[in-house]
Amino acid sequence: MSEYIKFSCERVATEITLFGGLAELNAYRRKLLDLRLIGVDPNGIGFGNLSVRDDATDNFYITGSATGGIHELTLADCAKVVACDFERNRVRYEGSALPSSESLTHAAIYESDATAGAVIHCHDTQLWAAVLNEAPITSKAADYGTPEMANEIMQLFARANVPKIVVMAGHEAGILTFGKDLEEAFTILMREQQEFTPE
Ligand SMILES: [Zn+2]
């Protein structure tokens, strides 16, 4: 696949204020790293990203681009997304890290579900294959980090209640879970794994 910038970012501030969820974010990242649901692929490319909503706004803190393999994130590895333009594929953000290229996908979930407070995007080939015919899926034609993916997510919510897991059919191994907080998003991921890929 060709390397190109899928979305454009505009930094509106270089610093983000310390957010209370950073310790919790790291705690769940450690669990996901241990389970190899986020990390670095054989080509050295980091995968997986987490985000947490900023209180009652549509803004959210998200792990920075290419931070999948970092064990413990600091504030400098995170970005705060403060505006999204889905049609133009643009993100405005604060912070020194570039927000994850899947920021628009996260944004689509926060916009669509007011109860969503945290989103996990991980890679799990087994679970992905197992739930392709079970969970809500985004179109095979929608690649990660594209406006099409964000649009697909919003369409899913417009059609039905989404049971807090979405399978990205056009992004192999790509799974999204979400919940009121990271604990719920993680619990849903573990429950799906147990149900669909019991060892
Ligand atoms: Zn991914």
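Contact is taken to mean heavy atoms within 4.5 Å. The structure is a predicted model, in which local features require pLDDT of at least 70 and side-chain atom pairs count only at pLDDT 80 or more, whereas totals for chains, interfaces and linings use all residues. Residues are numbered from 1 along each chain as its sequence is written, and side-chain values use heavy atoms, with hydrogens and water left out.

With residues up to four places away in sequence not counted, His-123 touches Arg-36, Leu-37, Phe-47, His-171, Ala-173 and Gly-174. This histidine belongs to strand E8 (residues 118–123); strands (E, at least two residues) and helices (H or I, at least four) are DSSP runs numbered from the N terminus. A zinc ion is coordinated by the NE2 atoms of His-121, His-123 and His-171 at 2.0 to 2.2 Å. Donors are N, O and S atoms within 2.8 Å of the metal (3.2 Å for Na, K and Ca), and sites may look incomplete, as water is not among the atoms. The spacing of the donor residues along the sequence is H-x1-H-x47-H. The side chain of His-123 also makes polar contacts with the side chains of His-121, at 3.3 Å, and His-171, at 3.1 Å. A polar contact is a pair of N or O atoms within 3.5 Å; within protein, one must be able to donate a hydrogen and the other to accept it, and residues adjacent in sequence count only if both atoms are side-chain atoms. His-121 and His-123 are both buried, that is, under 20% relative accessible area, with exposed meaning over 50% and partly exposed in between (1.4 Å probe, protein chains only).

Strand E8 forms part of an open sheet of 9 strands with mixed pairing and the order E1-E7-E6-E5-E4-E8-E11-E10-E9. Its edge strands, E1 (8–13) and E9 (137–138), each pair on one side only; pairing requires that DSSP find at least two bridges between two strands. E9 pairs with E10 (residues 165–168) in the parallel sense over 2 bridges, and Ile-137 stands opposite Val-167 in E10. E4 and E5, by contrast, run antiparallel and are joined by 3 bridges, with Phe-60 in E5 as the bridge partner of Arg-53. These two strands form a hairpin with 6 residues between them, and Asp-55 in the turn has a positive phi of about 50 degrees. E5 also pairs with E6 in the antiparallel sense, over 4 bridges, where Thr-63 stands opposite Cys-78.

In a regular strand, side chains alternate between the two faces of the sheet. Both faces of E5 are covered, with Phe-60 and Ile-62 buried on one side and Tyr-61 and Thr-63 buried on the other. Helix H1 lies across E4 (49–53), E5 (60–63), E6 (78–85) and E8, running at about 150 degrees to E4; axes are lines fitted to C-alpha atoms, for helices over the stretch in contact, and angles run from 0 to 180 degrees between N-to-C directions.

Rings of Phe, Tyr and Trp (its six-membered ring) pair if their centres lie within 6.5 Å; planes under 30 degrees apart count as stacked, over 60 as edge-to-face and the rest as tilted. By this rule there are 3 aromatic pairs. The rings of Tyr-28 and Phe-186 have centres 5.5 Å apart and planes at 55 degrees, so this pair is tilted. The pair links Tyr-28 in helix H1 (residues 22–34) with Phe-186 in helix H5 (residues 182–196), 158 residues apart. Tyr-28 counts as buried because its relative accessibility is 11%. Phe-157 and Phe-178 likewise form a tilted pair, at 5.7 Å centre to centre and 50 degrees between the planes.
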